[in-house]
Amino acid sequence: MAAIKNRRTALERVEKFLSDTYFTDCNLRGRLFGDRCPPASLSYFQTPRRIPYEEAVVQEFGPAQVGESFGPTWETCWFKVELSIPPAWAGREVHFVWESDGEGMVWRDAQPVQGLTKEGEKTSYILTRSLKESEPHSLTLYVELACNGLFGAGKGSMIAPPDPDRRVTLSKAELVVFNRDVYELLVDMEILLDMAQLLGEENQRSFQALYTANQMVNVCDVTDPSTFPAARGLAAAIFSQRNGESQHTIHAMGHCHIDSAWLWPYEETIRKCARSWVTVVQLMEHNPELTFACSQAQQFEWVRSCYPGLYARIQDFVAKGQFIPVGGTWVEMDGNLPSGESMVRQFLQGQRFFQEQFGRICSEFWLPDTFGYSAQLPQLMRGCGIQRFLTQKLSWNLVNSFPHHTFFWEGIDGSQVLTHFPPGDSYGMHGRVEEMLKTVKNNKDKGRVNHSAFLFGFGDGGGGPTQKMLDRMKRMSNTDGLPRVQISTPDQLFSVLEKESSQLCTWVGELFLELHNGTYTTQAQIKKGNRECERILHDVEVLSSLAVAQDTAFQLLLLNQFHDVLPGSCIQLVVEDALQYYTEIRRAGAQLQEEAVQALCRDLLQPEVCSTPSTLVLNTLSWERTEVISRPGPDGTEALALVTVPSMGYAVVQEPFVPPQPVAVRKQEDGSVTMENGVIAVRLDVMGRLTSLQLLDSGRESVPDGCYANQFALFDDVPLYWDAWDVMDYHLQTRKPVTTLLKPLEISLAGGLRGSVRFSLQVGKSSTLTQEIILDALCPYLRFLTQVEWKEAHKFLKVEFPVQVRSTNATYEIQFGHLQRPTHWNTSWDWARFEVWAHKWLDLSEHGFGVALLNDCKYGASVHRNILSLSLLRAPKSPDSTADIGHHEFTYAVMPHQGSFQEASVIQQAYNLNFPLHVLPASSPQCPAWSAFSVSSPAIVLETVKQAGSGVVEGRAQGLRGCACLISLNSPKAEDRPEAVVVRLYEAHGSTVSAWLQTSLPVKEAMLCDLLERPVAQGHLPVEQRGLRLSFTPFRVLSVLLVLLTPNIAPC
């Protein structure tokens, strides 16, 4: 009989034949499983801790039943499952089926063998593919069940704060006969049905697929498996019809994006890695073609420490080329907020780990889920041996569709990397026809390249690929009407893209994500901890290297730079962990710093009989500094002193010098206060707002008539969905100036070396802000020491500085450089950047004059027209209902200047604000000031001095299961070179310049090296009397390896 012509009825007939809801008593889906058998015994015990297998199996287990619920959230239940396979099942494929709301892992013979997560479509463990008489029919499994889901335990929605009382239900635990022939037939028909539905009525291939599927229903008698081969033969005839040579090729790679912390704590991530990766290696055992791209050295280290048996299997598959380390970084870090040196360390730690563990470094940077990408990343990638980059996050843009999927990305220094966004706009594909068609249709670089990536597997919360995903793609490998699909590797994909790259376009500058710009501000304490700990580790490394003391590690800092931690888009448990790690870094940093100073300046710190007390002042920056310091006075009180300290060195101060003009502070009749120091003069009203800010040399006024600078403003902050992540453009329409005065402006220091005033405001309904405004002698900026008791909900606090400057662009500091962004909203690309990020400073300048805004721990900012705005605090309620509530302390500063920001040393002043001088009591021998390093050009910043080869540690901190899962802060490895230091410099002005690096260290040999500290070809540098001559192009980062003659000891 001819095929029916009613397309709708044919489609629905096939749908119902495959349905898991309708007609399962007589359709094909209802025959997937045969006989069933309950466990011989099911028992469990529960613990609040995440414990190792060895500890779990010796506990006392009590009876458990299917249908029972377990919890609460974050508890762990261990189930002992005793199974007895019926002898009648001989020759059949037998699965152990487990369905629950929690995340499970099967243990067999003391090893993890399978992850079980209903949300990840993994609900069975294959016991045997064909039961043999010789195989054991009775066996015992253990199931480790986490009382949380794949995406945590949000109450009411995925990103809501976790429900502490959530319970998980065990809905199935049984042995079943799995009918493999039914499964294969189901996959065939699902593919054909998708082709029929998705290729469209204008495509004859759609009808061919439909009529074939309809005929398969006719042929197939679900009660008679002998009819299945004929039905499968019909499908095979369709799948074997080949594509033409011009068809697009999809490179499919298994993938499992696992957030190192997000809606679950760090320690749960360790188990997520094990659950996901053991499932992958199980799949590889039976699918030798499967490849799996896996990033984040930290996660490999967790599995290495906590699951050594699984890790050994992973190493085997890495050697076979199936389990493929990618990314080259310690974690998939935030792409905006870490400092330049932190980003270098992400690569340095990651690449060294992969080299040590697997004998190779990664050639692709892999960062699919981060909230924007700094324009300095291309240079850092290339400096770490990487010329390829994969992400997809810009597909989330709220306003503008990014114009490319394959292109060259060019950074601020001119470095380029080949960049690919999978055109399916996801890193968690399922191998469906719809996704293949979208990959081709959505590709914005058709005609330029004919290959693209396809990352398949459940992600974010883990899970990874499934057998069904693989089986779907096997059928689509070369089928007419669909793109070619081949299981591939990142190297194979990028190699063919490189061959096709001659027609590719180039994108210059940052890859700005037009979404999630609230993450520049959310969880201010994490932001502050990050900036402080970057400073601490910088200073410790400088002082330790000069003293040839032990180096410190960055790994806890790097871990907290994961792209849901540093941005603040995580639950409260993660915030608590992160803040605890910052406390550990501060403690260890203080101890290491004290040891380094003792080693460097021991003689200066020894008390001498009848000696006059003096002060040792250390400077860890690469320029001379003259600043006001606070030191102990003769009566034990704090006293101020004006001191000059050489670059990267120290000075011993007895009698501080007097400034040419002391600070003057005067209260006016109207309650306002004026302050001046010979450099700048300011007038403040009773609410602490600047009504005047003048440069005294030129008399130039910064504040427009009738305007107030240092004006606090409160905004409503209710995004569309992603609460901790997003600030929407419409928040700007809700601006309310903060004008409720609690304590009017009063003078707290009357002048001399320092003048200051203090006031308090009420912010919103229940928050308070207290600010001390400080002007130091000779200082070119006015400081604002700010304390906030923050108790708001869905509010956004900013501080604004309107200035008398006109420019169409503002400048923002980024890693190792700066970039410009428009101050107008002419186009959608402009106004989509209504809230942006910066590091230590931003500046608005016209020719000859400008105003800079400096800060010590803030990242969110904006400049619209002539208003500089710094984002201070948010108050989202998901996924952490307590986000930012509490006490905050931070400092920002305003700096008017003549000339450009480069000429005015804005960059150096921002460093000074962030890296205070170190002050210690000392004895008073006659010791000259000492400088370890200096640079001849103000355009060059010496950013880092570190011990060569240091940073990879074997430190231990008690984490999950008492093993070394969370890394501590000591113990350099054997390859460290105490006789060598690495010095990292960058060009900060955007200029081409040559500079001399001078050092008082006894240098035996000097050479250029890359960011992995490998000497570069023709990189030898002659050591001349003036030092080392270095050549820079705009924003170039240079690393210099210095081999020392002897351990350096400072002169006194």
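Predicted model: local features only at pLDDT ≥ 70, side-chain atom pairs only at ≥ 80, totals over all residues.

A second pair of helices has another arrangement. The axes of helix H7 (residues 297-306) and helix H8 (residues 308-319) come within 6 Å and cross at roughly 125°. H7 and H8 are therefore oblique to each other. H7 contributes Phe300, Val303, Arg304, Ser305 and Cys306 to the contact, while H8 contributes Pro308, Leu310, Tyr311 and Ile314. Seven nonpolar residues, one polar residue and one charged residue make up this contact of H7 with H8.

These helices belong to a protein with 18 helices and 57 strands. How compact is the protein for a chain of 1052 residues? Its radius of gyration is 32 Å, close to the 31 Å that the globule rule gives for 1052 residues, so the protein is as compact as a globular protein of that length. Along the principal axes, the C-alpha atoms fill a box of roughly 105 × 60 × 60 Å. Of the 1052 residues, 62% count as buried. The protein exposes about 37,300 Å², and carbon and sulfur atoms supply 50% of that area. The contacts also show how the chain returns to itself: among those between residues at least 6 apart in sequence, 75% join residues at least 24 apart.

Single residues illustrate such contacts. Lys468 is found in helix H12, which spans residues 467-475. Residues up to four places away in sequence being left out, Lys468 touches Arg29, Tyr183, Val187 and Glu190.

Phe915 lies in the loop between helix H18 (906-914) and strand E46 (918-922). Is Phe915 buried or exposed? With a relative accessible area of 8%, Phe915 is buried, since buried means under 20%. Apart from its neighbours within four places in sequence, Phe915 is in contact with Arg535, His538, Asp539, Thr620, Leu621 and Arg625. Tyr311, which takes part in the contact between H7 and H8, is 604 residues from Phe915 along the chain, and their C-alpha atoms are separated by 42 Å.

Glu638 provides a contrast in accessibility. This residue is found in strand E24 (residues 638-645), and Glu638 is exposed, with a relative accessible area of 55%. Leaving aside neighbours within four places in sequence, Glu638 is in contact with Ser630, Arg631, Pro632 and Gly633. Glu638 and Val440 are 198 residues apart in sequence, and 69 Å separates their C-alpha atoms.

The backbone also deserves attention. Most residues other than glycine have a negative phi, and most peptide bonds are trans. Against that background, a cis peptide bond joins Gly71 and Pro72, with omega about 10°. Pro72 is found in the loop between strand E4 (69-70) and strand E5 (76-84). Another cis peptide bond joins Ser878 and Pro879, with omega about 5°. Pro879 lies in the loop between strand E44 (867-874) and strand E45 (886-898).

Glu1013 is a residue other than glycine whose phi is positive, near 70°. It is found in the loop between strand E54 (1003-1009) and strand E55 (1015-1021), and at 10% relative accessibility Glu1013 counts as buried. Phe1035, also a residue other than glycine, has a positive phi near 65°. The place of Phe1035 is in the loop between strand E56 (1028-1032) and strand E57 (1037-1044), and at 8% relative accessibility Phe1035 counts as buried.

How values were computed: Residues numbered from 1 in each chain as written. Heavy atoms only, no water. Axes fitted to C-alpha atoms, helices over the stretch in contact; angles between N-to-C directions. Helix = DSSP H or I, 4+ residues; strand = E, 2+ residues; numbered from the N terminus. Parallel < 35°, antiparallel > 145°, perpendicular 65-115°, else oblique. Contact = heavy atoms within 4.5 Å. Nonpolar A, V, L, I, M, F, W, Y, C, P; charged D, E, K, R; others polar. Rg over C-alpha atoms; globule rule 2.2 N^0.38 Å. Buried < 20%, exposed > 50% of the residue type's maximum accessible area, 1.4 Å probe, protein only. Areas by Shrake-Rupley, 256 points an atom, 1.4 Å probe, with all protein chains shown as cover.
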